[in-house]
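Please read the following account alongside the sequence and the coordinates. It moves from confidence to one helix, then to selected residues and charged pairs.

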Amino acid sequence: MPDTDTDAAPPTPTTPYATPEQPRVAVRGEARIEFDPEIARIGITISARGKDRRTALEDLTRRNSAALDLVKSYGQAVEKLETGAFSVTPQLTQHGRGERIHAYHGRVHITAVLGDFTALGELTTRLADLELTHVTGPWWSLRPDSPAHGEARRQAVREAVQRAREYADAIGGRLSALIELADIGAEAPTPAYPMPAQPGAMRGFGAAATETAPALDLEPQRQTVYAQVNARFTMTPPKL
């Protein structure tokens with residue numbers, strides 16, 4: 001009985017081979033465009049410390065509520081508000097024998113995403129003016145579904161076609177058909193809510209001031225969107 005594996009016909013290639021009558025040209029198209037950011041993210045860390053667990057929890061709960069109420073007071077300017085890690089940790093004495101608890105330290109992390117940058121500077125300084133509140137950011141970014149990503153991809157494709165056309169024209173030919181278009185990367189260097197290397201930071205410790213803190217003047221950081229494609233074309237015979 002014949003071996004069906006050895007008798008099987010070789011697979012048909014998905015793309016035609018280049019021939020002298022139908023040469024192939026392969027190029028890479030790239031695009032790098034700058035856009036204004038669409039959202040800004042800030043991190044808020046609230047702390048409390050007490051001699052006993054109940055005092056630490058009560059202070060932490062009070063300060064957390066004050067921070068949340070302040071952020072929510074900005075209404076639609078805040079697109080997302082999330083509470084992250086929460087912890088209450090006993091601190092042991094450094095001297096003496098045995099495990100003796102000296103105090104309790106509580107901490108809670110909050111993340112806020114704003115789409116209205118006019119409120120961002122005022123909110124960050126007001127948050128930093130609260131008791132034992134640490135504010136980091138802002139981290140600027142584009143939305144995941146931003147039209148900027150599509151624009152970069154389209155420009156990369158146009159650049160690939162133009163480059164292939166120039167190569168074909170250089171040897172007296174012209175493009176005849178597209179064989180393959182492969183997306184090998186189209187992304188912003190700072191994804192949905194990334195941490196950049198050098199974020200700005202605002203801090204506030206101690207009792208809140210009696211006067212409203214002045215709004216911080218923030219300049220949005222432009223975002224670079226990068227796209228890259230591989231393209232293969234067939235072309236007419238060159239005139240060498």
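Where in the chain is confidence lowest, and where is it highest? This is a predicted model, and its confidence is lowest in β7, at a mean pLDDT of 42, and highest in α4, at 95. Over the chain the mean pLDDT is 82, with 80% of the residues reaching 70 or more. The stretch 186-210 stays under 50 throughout, and for these residues the model has 63 contacts beyond four places in sequence.

The buried residues in α4 include A148, H149, G150 and A152. Further along the helix, A156, A160, A164 and A168 are buried as well. An α-helix has 3.6 residues a turn, so residues three or four places apart point the same way. Just after α4, G172 takes a positive phi of about 80°.

The helix also holds a charged pair. E159 and R163 form a salt bridge in which the closest N and O atoms are 2.9 Å apart. Both residues lie in α4, 4 residues apart, or about one turn of the helix. E159 is partly exposed, with a relative accessible area of 26%, and R163 is partly exposed too, at 28%.

Strand β6, residues 175-187, contains D183. With a relative accessible area of 54%, D183 counts as exposed, because that value is over 50%. The C-alpha atoms of D183 and A156 are 9.7 Å apart, although 27 residues separate the two in sequence. Beyond its neighbours within four places in sequence, D183 is in contact with R153, Q228 and V229.

Is D59 buried or exposed? Its relative accessibility is 18%, so D59 counts as buried, the cut-off being under 20%. Leaving aside neighbours within four places in sequence, D59 is in contact with A48 and R49.

A search of the whole structure finds 12 salt bridges. One of them joins the side chains of R222 and D36, at 2.6 Å from N to O. R222 lies in the loop between β7 (201-204) and β8 (223-235), and D36 lies in the loop between β1 (24-35) and β2 (39-50), so the pair ties together parts that are 186 residues apart in sequence. R222 is partly exposed, with a relative accessible area of 42%, whereas D36 is exposed, at 51%.

Another salt bridge pairs E38 with R143, whose closest N and O atoms are 4.0 Å apart. This pair also links distant parts of the chain: E38 is in the loop between β1 and β2, R143 is in the loop between β5 (133-141) and α4, and 105 residues separate them. R143 is partly exposed, with a relative accessible area of 28%.

Methods:
Residues are numbered from 1 along each chain as its sequence is written. Side-chain values use heavy atoms; hydrogens and water are left out. Buried means under 20% relative accessible area, exposed over 50%, partly exposed in between (1.4 Å probe, protein chains only). Helices (H or I, at least four residues) and strands (E, at least two) are DSSP runs, numbered from the N terminus. Contact means heavy atoms within 4.5 Å. pLDDT is the predictor's confidence in each residue, from 0 to 100.
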